Each structure stands twice: as structure tokens, then as C-alpha cells.
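User: Could you take me through how a few features of this model are read, beginning with its helices?

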Amino acid sequence: MAEENTATNLIFLFPFTFNSTKDLPLEEELGNWERVWEKNPRELPRLRLNEHQYFYPATYAALYDGGNHDHLEKYREYRYKKTSHGGKSQYIITPQAKKNEKEAPEPYKLDINCIGLKLYGQAGKVGLLYYKLHYEETQPLEDIIKICEYGRRIFFPYIQGPDEKEPRPGQVAESLEILHADGSGIKEDFASAYTLKTGQSGHGDPTFISKTVTELLGKCIQCVKPVLDDRMFVMLLYKNQALIDGLRDETDEEASFHTESFRHYFVKKACEAKDEPRMVMSQRPALDDWYKLMFVDVGSPTFLNRAGRLEAIKKASYSRWIGGGTLYGFTNYSYVMLGTEGTDETNGMPPYLIEHFSTMYFQMVALALAQRAHLLYFSGRISELSQDLTDGERRKRKRARNRVPKLLNGPLEFSRNRMDYFIHGFIPRERACNEVPQLQASYARFLSQIYHEEVTAQDQGIEMYDKLQATLFIPKYMGATEKQLDRLGEYARGHTEAISGFLLAVVAIASLIGGGFQVLSAVPTLVDCGVALWSGRILVYIGIFALLAYIAWHVVRKHKS
């Protein structure tokens, strides 16, 4: 594997669930992707070896591709061929023009370091597509936020605009494009986002996803469903000395989140006066800019309650190293690393932190997103199985209510009622009951191979991983999923035991009937006064069949209840 490019300072991650014709597609089936698997740790490049030492060995099954070549491989990782061999590719983001602007704004052109794909097959079909990018560090803060906002939106949020037929302006980019050095590429202008497959315009297609995702994944990975909303997850490394200084106290170098007064800092800004073009110092609220950077808000902060906004900032910020000029922010759709400008020799951000951003911290975020994707996958499967069980019960009760009327209407109608229940009620319910243990086994594999309460022994890594999991609501999802699985399993076990008990009762009744026939056939035929005593045998028959009928009626009534 080639040495990791340390120029990465922006990463978009797209977690999704998918369908494929096999467990996991092979490398030759994906076409433009090549397999990336880990060699012996002693042969790894420096950065990868450092990353291996950072994580516990128990996490390797969810972080690194082992290199096996079969459909049953638990985890696989790929690189897009046109971006993995040093080719100059770009991710081009063209913002929407404002109403008073006649010309479209200049596009943002970001260098692509690599495009990667992670496929998880341990406990479900879950994938993670990511773009490792690099932007020019001279970009102003507002441009950085626009790059993150427009670059992460891969389909419309379907918020009604003024025209009722158009989306609210500014929600997505004018276009997204992946352009390679040979001139080939993929471009999405969102023209088809508001056109249904039937050709009706003015309505959003809920299955629409940008071509920059679907055409990359190809035909082997189908029925892609996003785990997040209309936005990809954003990882951002941003250097701004003035903003860092405005966020920490000048005396004790502590984060100033405890004060209600929003501190200000000064930045250079072009004077808008036409007759006197010059650079002036503009005063900006530091916490407002930090909030917009973390929550990717273009323009003004969307949290309009100042006290609530301050509380949200305190909750999302990780300020362990702010005294050294580094501040971290975590939200459920972003990870932001704010540092000081300059190099290590000029008291700027150390180079190893930039390396950690694109290696260890990236792997940590990818693992947490994969965990959330799996939990949402389990939630969806539980909902589907519960629906099958509910439909089966409802059709069973409907059959019981309609039994007498259908029988009175004739044997044919009665038979149709029973067949409808068998096809649409009994079979789906039995299939769901059989799939519940499989789903529980998949969840057990998820707990042992993908979910980890701790991934590293490093103190900062432990704190950041805990904060990341809490921000993505993973403990909350896990508690709800385990309760739902337990209840579903209890219902399936109860139903299976009831069916087994009923079948055993039927077998027992059949055995009793067979035994009764054998006993009766062994009774000798007695003749007294020339008359055969068949009346005694008939009375024994009647008594045995009455007893068996009572037992069968009692078992069936108990099974129905």
C-alpha cells in the first residue's frame, strides 16, 4: 500500500445500506475499484504502522481488510483506481447563484487525495464511501463553510421553496463534479432530482442520490439507502490562529465557554468602499463562528437562542488541548479539528496532528458511522419482521371471524379463505419466526466484531471515541435495539413452542387412535346364546373416540388462546 497522503484536510463520508446479488461483491465485479488489504505489520508504511499501534488488535477485523478472496469475507476495503495512483483528480463544487447575481459564482476546486469504499459483511450489508480531499488553507472561513455545506449534500432536502415546484434556493450546489486528469469524470447538476420516473415534474424523487455516489458504486451495489439524512458526514481540519485566540482565555488558556458574553476576535476584511479599497480589521463573535464551523451553518447560526446556542457549543466541544492551540468539535454530522496556523517551528499545528486526522481519527469516525449504520439496519429488519408477524396474526383472526359465513356460502368460498390465510398469513409469519434467530445471530456478530466500547488505550482516544459515540446516539440506539430484539425473540419462541406443542399433540392423538384400534382388534369375539357381543365393542369404540375428541378440542382451544 502506498504511503498515505498527509495533505488531507477535508473528508466526506457517506454511510449506507445496500443490496447485492452475493454476500459481498468481488474486486473484478466492481470494475473501477481495486482491493486494499493490509500486509504484515512489519511491512507497513510508517503511518499505517503508527495507526496499527494506536488501535487494539480486537478492532482490526472492522478496520482493516484481511485480503481473503471469497464472497464470505467479513470486511473489505477498496480504492477508486483513477484516484489511487497519483492521478490529479478534483472534486468541483459550484454553489448556486443568488437572485441578484447575474453570473454563477466561481466553483471551489478541491484536490482528491483518494476515494475509498468500505464494505461490511459481518452482520449486514453496510457500506461507507469516502472522499479524502485537500483545499487551499488561504480560504476564508465563510468559504470553508460553503465548501462543507454544498459538498456534503448529495440530494435535495425537499423543503418547499417559494415556487412550490422548486426547492428552497441555496440548499444544494448548482453542480457537483468529479474530474480526472484524463478528462473523464462524473457530473451531477440535480436536474432530475425533482422529476419522478413517470415523467411528472414538480415532485421530488425520494430515491434520488447524486451521480457522484451512484455511478461510483456501480451496478453491483444496488438499492443504496443513506444512513444519515440528505448530507454526508464531514471531517474538517481548519487552521485559524485568530479564532483559536478568541476562543480561549488569555490568562489561563482555558476555553471561554463558561461565560455568557460572546467573545470577539478580529480578522482582515476587504473594505467595501469603492473609492478607498483597503484591508480593514473586522470584529467577529468567536463563539458564533465556532458554532457555524461545527454545525456547518452558512450565514448566521441557525440556533437563534443565545443561551441554548452556548449550551450546544459547550456540549459539542472537546477542549482538552485548547491551551496548546487545538480544539475539537463533534456533532451528529460533523467532526471539526481547529488548530493554529503556521508550522511546528513557529508554534503552529504539529505535523503529526495532521497525519492523525487522516489516519487514526478518520478510522475512529468511520467505525462509529459503521456502528450507527448497522444499528439502523437492525432497526429496519426488526420493523419488517414485526410487520410480517402482525399481518399473520391479523389474517388469522380474520379467518376465525369469517369461518362460519364462508362455510355457509359454500365449500369453495371456505377453501379460498383458508388458502388466503395460508399464503398471506401463515407462511410470512413462519418465515419471520425462522428469520428472528438469524437476526439475533447477526446482532451477536455485530457486538463481537464491529461494536467496541473502547478502541485504544490512549487517553485522548478514549475520550474522543466516547464523545463521538454519544454524539451519534449509538448507546441510545443499542439499548432500543436490544429491547426490540428480545421482545421479538420472545414472541417468535412462544409461537414456535405453540406450533411444536400442537404438532406433538396431534402426533399423540394419532398414536392413541392407532393404539385403540390395536387393542380393539385384539378383543376376542364372544358368542353367547348364538348372538355376537358386538354391542360391547361398539360401546368401547364410542368411549375412546369421545375421550380423544375432548382432548383434541381442549388442545386446539388452548393453542388458539
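Analyst: Helices are DSSP runs of H or I with at least four residues, strands are runs of E with at least two, and both are numbered from the N terminus. Just after α12, Phe473 takes a positive phi of about 60 degrees. The model is predicted, so local features need pLDDT of at least 70 and side-chain atom pairs 80 or more, whereas totals for chains, interfaces and linings use all residues. Residues are numbered from 1 along each chain as its sequence is written, and side-chain values use heavy atoms, without hydrogens or water.

User: Which residues of α12 are buried?

Analyst: Buried means under 20% relative accessible area, computed with a 1.4 Å probe on protein chains only. In α12, this holds for Gln460, Gly461, Met464, Tyr465, Leu468, Gln469 and Thr471. Seen down the helix axis, these buried residues fall within an arc of 160 degrees (taken from the directions from the axis to the C-beta atoms), so they line one face of α12.

User: What caps the N-terminal end of α12?

Analyst: The cap is Gln458, with a side-chain oxygen 3.1 Å from the backbone nitrogen of Gln460.

User: How is a nonpolar core read?

Analyst: A nonpolar core is a set of buried Ala, Val, Leu, Ile, Met, Phe, Trp, Tyr and Cys residues joined through side-chain atoms within 4.5 Å. The largest has 68 residues, and among those touching the most other members are Leu10, Tyr91 and Leu236. Helix α7 (residues 286–295) gives the most to this core, with 7 residues. Apart from it lies another core of 62 residues, including Tyr120 and Met478.

Key:
Buried < 20%, exposed > 50% of the residue type's maximum accessible area, 1.4 Å probe, protein only. Polar contact = N/O pair within 3.5 Å; in protein donor to acceptor, adjacent residues only side chain to side chain.
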